[in-house]
Amino acid sequence: MTGTVIEIGPYQLILALVFILLAGGASLYHGLRLEKDLLVGTIRTFAQLFLLGYVLKFVFRLNSVWPVLAVFLFMIVFATRIIRSRIKEKQVAFFWPMLVSMVISYALAAILITGVVIGAKPWWKPQYFIPLGGMLIGNSMNAVAISLDRLLSDLKERRQEVEMMLCLGADYHEASKDMVKNAMRAGMIPAINSMMAVGVVFIPGMMTGQILAGADPLVAIRYQIVVMVMIVGATAMLSFLGVRIVCKLCFGPAQQLLLRPEKHGKRD
Amino acid sequence: MGLEIIGLCKSFKDQKTSDIVEVLDDVHYHVHGGRFVSIVGPSGCGKTTLLRVIAGLEEPSSGNLLLEGRKISYDVDRIGLVFQEYALFPWRTTLENIELGLEIMEVPKEERRAAAMDYIRSFGLKGFENRYPHELSGGMQQRVAIARTLITDPRVVLMDEPFGSLDSQTRNNLQSFLLALWQKQKVTIIFVTHNVDEAVFLSDEVLVFSKRPARLTNRFDITAPRPRDRTSTECNRMRKMILDALEAERSDPLLTEKS
């Protein structure tokens, strides 16, 4: 990459905080009581990103496969935790199966993209593997959370339908077919929408970054295309896999639906 | 032979408090083949749970269920379940709802259509085969639900307050309809109701369950000859005995005071 980046010095950084002061002022004016959250958020943004910067610098300097994979794994564990916390339904213990399938699918996708499509050498070259992996995880995590949330709430809401099908001799697969389909679709729609809107409605962050760093826009868009396609593919793979796994976990060994309505006993 | 319920227990873990809630407490009963057995008990006592366990929708905590002397295998033995709310599929017509079970069993299309049409005729649904559930009256919807269950030729039919949300006229009609059907098809029926009058009118045997955790406390043989007269001395006498047995199980102090 050619060109020079204008460096942001400590004073400029502090100057940027004016925006936070504006937001804080607005919050006070409207009585939103968001000042504390804004403060914590700002501090966290600074702390987390500085920490990330140092970690990345360190990992880049080590230039060895294990630290790269450790960072990658750490991101996936956190993503799984975030998914877990976003889903209101707590009756199904899906953390471990989800984590394992996320590690497998993300590893496959990230290796494919850096090693084969972009052709970085070695495939784990940290400057490529970590940011691309991060984008992959960050973007598809939402889709997985949406899919799973939809699946679990649908299964619970349409419990009677599922059980009617089971009573009529259907297996769990057949009985939950509709809900599985809807959940998969729900997870995919945002990714497809962003493919529709990219470049017209918004300029993606990665491309922005590359252009700021002085890259040729035509190089930047190629990276962006590769990344978007990768995200859609991995999202599809992961939300389909996740929905199937979690759906299986919702049924017992004799194919009973294990999700209970909020209060059991008398139906309302 | 028939259905043997052996030492059935079921408990749930309360989601909020994590307490173990016992719902069924050591239920034993032998439902002989072809009998019409009703279950009555205080509301919320676990009758519905008992049906759900028999239907294979819930795993019992302990105990066994034998059908014709063998452990029930839900892959082979069809146990029909009719819900109070009909649970018809709103996007399917009468015909499509009735043939659903055969569709799942992968019966060829012409064959299942013909079978469903037979049921439509004998269930008085002719002319409504292409209507959707919301276009049917409650009584008709319940007929569709019963037809949908019977068409799969179940060994046992479980009914969970099937007529609970119908007006009394429709209810009486459907009771007679169900009896005629039962006498013709010789199917075993386990019928949950809170209506003692209904239980006495329909059943060979009435079982009274205690309040939660549900235990079987009394059983009554209804020997009055069929077709029954709801107002006969025999029916009245049975009703009185069952109501007395239920009264002893009432948990609501206000109700006990009033009576």
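**Two chains and their packing in a predicted model**

Helices (H or I, at least four residues) and strands (E, at least two) are DSSP runs, numbered from the N terminus. Two residues are taken to be in contact if their C-beta atoms, placed from the backbone, lie within 7 Å, while axes are lines fitted to C-alpha atoms, for helices over the stretch in contact, with angles that run from 0 to 180 degrees between N-to-C directions. The structure is a predicted model, in which local features need pLDDT of at least 70 and side-chain atom pairs count only at pLDDT 80 or more, whereas totals for chains, interfaces and linings use all residues. Residues are numbered from 1 along each chain as its sequence is written, and chains are lettered from A and ligands numbered from 1 in the order in which they are written.

Two strands are counted as paired if DSSP finds at least two bridges between them. Strand β4 (residues 62–67) of chain B is joined to β5(B) in the antiparallel sense over 2 bridges, and K71(B) in β5(B) is the bridge partner of L66(B).

Chain B also has an open sheet of 6 strands, in the order β6-β7-β8-β3-β9-β10, with mixed pairing. Strands β6 (79–82) and β10 (216–221) of chain B each have a single partner strand, so one side of each is left without a neighbour in the sheet. From one strand to the next, the twist averages 20°. Strand β9 (residues 205–209) of chain B runs antiparallel to β10(B) and is joined to β10(B) by 5 bridges, with F209(B) standing opposite L216(B) in β10(B). Helix α1 (residues 47–55) of chain B packs on this sheet, where it touches β3 (36–40), β6, β7 (156–160), β8 (188–192) and β9 of chain B, and its direction makes about 150° with that of β7(B). Helix α8 (residues 233–247) of chain B packs on the sheet as well, touching β3, β9 and β10 of chain B, with a direction at about 180° to that of β10(B). The loop between β9 and β10 of chain B holds P213(B), and the peptide bond from R212(B) to P213(B) is cis, with omega near -5°.

Chain A has 11 helices and 0 strands, and its C-alpha atoms fill a box of roughly 70 × 55 × 35 Å, taken along the principal axes. Chain A is divided into domain 1 (1–62) and domain 2 (64–249), with bounds that come from an automatic or database domain assignment. The C-alpha centres of the two domains of chain A lie 27 Å apart, and 10 residues of domain 1 are in contact with 11 residues of domain 2. On the side of domain 1 of chain A that touches domain 2, the residues divide by class into 7 nonpolar, 3 polar and no charged; here Ala, Val, Leu, Ile, Met, Phe, Trp, Tyr, Cys and Pro count as nonpolar, Asp, Glu, Lys and Arg as charged, and the others, Gly among them, as polar.

Helix α6 (residues 126–157) and helix α11 (residues 217–249) of chain A pack at an angle of about 35°, with their axes 8 Å apart. The crossing of α6(A) and α11(A) is right-handed, a crossing being right-handed if the near helix is turned clockwise from the far one by less than a right angle, and left-handed if anticlockwise. Residues that make the contact include L132(A), L136(A), A143(A) and L151(A) of α6(A), and V227(A), I231(A), L238(A) and V246(A) of α11(A). By class, the contact of α6(A) with α11(A) has 15 nonpolar, 6 polar and no charged residues. In the loop between α5 (95–117) and α6 of chain A lies P122(A), and the peptide bond from K121(A) to P122(A) is cis, with omega near -10°.

Between the chains, 21 residues of chain B are in contact with 17 residues of chain A. The elements that give two or more residues to the side of chain B that touches chain A are β6 and α3 (100–104) of chain B, and α3(B) gives the most, with 3 residues. The residues on this side of chain B divide into 11 nonpolar, 7 polar and 3 charged.
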